[in-house]
Amino acid sequence: MRPSNNNVTPEPPLAYDCSALALVIERSAKLSVRKLQMNVRRNGCAFIFISRLLSTCSILQVTANAKHNQWLCSPKMVSCDLTGQFAYGMDCLVTQMTGWPNRMFAAEIIMNPSAGNARWKKDLPALLALLKSHFAPLRVNRTQQPGDAQIVTEKLLKAYHDHLDELQLIVIGGDGTLHDVVNGLQRRGHPEVAIGYVPTGTGDDFARAQQIPLDPKKAAAALVTAMPRPVRIGVANSAKYGTQYFINNFGIGMDAQIVYQTNHSLHKGTLNALKLGQFAYGASILKALRVQKGFAATWQAAGHPEAHAANAYLNVFTNHPFLGGGIRLFPDAMDQRERLSLVQVRREKLGTLLQVAVAILSGRSVHRAIHHFEADQFDFVTKATVPIQMDGEEYTTPIAVTLRQTTQMFLLPTNK
């Protein structure tokens, strides 16, 4: 097994499907015409003149974006990424020509008021008011328990099935809420539906990884000019849990033990109340160090020989470097998003494990006991009984799981 190599960046394919390009123009036209029609009703402007001008600009905008974009997935997703950039470009043009506000579209909010132990609950009315000034009408779907967000997402897909291009999702909640929404979209076969995200959770690692502001008000304001972008997310297939999708990481062993200790601790609620939730996971590390034992496991990366470990300890399959509220698993030099990463530490003497903990908490994440691998696919098997965490949600072994990546669209800040 060779460590990751970030010196080689694959060239994106430059061949474009004409049917995909036609779909881009069609979807973009719908978005722009809908915005113009709404503002014509409000302002009585010369709709025909502007729409013709936009039609001319549309081809130029699509062509320009096609030359400079990098595609991570299928023509369907290429179409969605072009549509997002093109729609944004035409929105800006309309705004400059008319002075009308940007992105006055309807939006479906999926909101978890209890995220992060409800630390942002008092701020939610102000957040909704801010979003209402840019998205109209605004419909709010509140969740009450884990899994609700996935159910709401699936219901919305059904309600919008004949006009899916009009579905704008905005999630207000933590990584767990976002995890549920992504699973709802992916399981129904609609990764092209872009998700806007306002983080109000404990760890908010997805927002951190995608440079979404961690302050909810700033994140909500950033949605006004955000653009749809494809993001690599993980897929875990197992007979025990079926097919599940993870936005951050899938961990077996020490990191899952930290999640368990944090979720069942008293200090999590206290730190969240003080809006210091990012420190909740770090506060659980020492207890997890005492509790977690080494265990036997077998794993294999695609194209490499099978590996055995009698003392597996920390095994994190991740889409990006962050875990548990900003804990960095590997340095920027190893940060690539094209393939799934595995960060692995085997059971060592307590002194060595403390050194590893210090290296990770300091942000360096470099130590002889920390191993980092990259692959398109991993297989992992253990018969031991140890905790599993997926985006902060708790599961357990034994398990035989295959892990890989796929793509989901998100609304991301334009300065990303």
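1. Gln211 counts as partly exposed because its relative accessibility is 48%; buried means under 20% relative accessible area, exposed over 50%, and partly exposed in between (1.4 Å probe, protein chains only). Gln211 lies in the loop between helix H8 (205-209) and helix H9 (216-222). Helices (H or I, at least four residues) and strands (E, at least two) are DSSP runs, numbered from the N terminus. Phi of Gln211 is near 60°, a positive value in a residue other than glycine.

2. On the source: this is a predicted model, in which local features need pLDDT of at least 70 and side-chain atom pairs count only at pLDDT 80 or more, while totals for chains, interfaces and linings use all residues. Residues are numbered from 1 along each chain as its sequence is written, and side-chain values use heavy atoms, with hydrogens and water left out.

3. Ser365 also deserves a look at its backbone: phi is positive, about 55°, although Ser365 is not a glycine. Ser365 is found in the loop between helix H13 (350-361) and S13. With 5% relative accessibility, Ser365 counts as buried.

4. Strand S13 (residues 371-375) holds Glu374. This residue counts as buried, because its relative accessibility is 5%. The side chains of Glu374 and Arg339 are joined by a polar contact of 3.5 Å. A polar contact is a pair of N or O atoms within 3.5 Å; within protein, one must be able to donate a hydrogen and the other to accept it, and residues adjacent in sequence count only if both atoms are side-chain atoms.

5. Strand S4 (residues 195-199) is largely enclosed by the rest of the structure, because five of its five residues are buried. In a regular strand the side chains alternate between the two faces of the sheet. In S4 both faces are covered, with Ile195, Tyr197 and Pro199 buried on one side and Gly196 and Val198 buried on the other.

6. S4 pairs with strand S3 (residues 169-173) in the parallel sense, over five bridges; two strands pair if DSSP finds at least two bridges between them. Leu169 has Ile195 in S4 as its bridge partner. From S3 the chain crosses through helix H7 (residues 175-187) to S4, a right-handed β-α-β crossover. Right-handed here means that, with the strands pointing away from the viewer, the path from the first strand over the helix to the second runs clockwise.

7. Helix H10 (residues 254-263) is mostly covered, with eight of its 10 residues buried. Among them are Met254, Ile258 and Val259, along with the polar residues Asp255 and Gln257.

8. Trp299 lies in strand S8 (residues 295-301). At 4% relative accessibility, Trp299 counts as buried. Trp299 and Thr402 are 103 residues apart along the chain, and their C-alpha atoms are separated by 9.6 Å.

9. The peptide bond between Thr397 and Pro398 is cis, with omega about 0°. Pro398 is found in the loop between strand S16 (393-396) and strand S17 (399-412).

10. Leu286, in helix H12 (residues 285-291), counts as exposed because its relative accessibility is 55%. Together with Leu350 and Leu354, Leu286 forms a nonpolar patch on the surface, with about 280 Å² of accessible area in all. Patches are made of residues with over 30% relative accessible area and no salt bridge; nonpolar side chains (Val, Leu, Ile, Met, Phe, Trp, Tyr) are joined within 5 Å, and like charges within 9 Å. A salt bridge is a side-chain nitrogen of Lys or Arg within 4 Å of a carboxyl oxygen of Asp or Glu. Accessible areas come from the Shrake-Rupley method with a 1.4 Å probe, and for residues only the protein chains shown count as cover.
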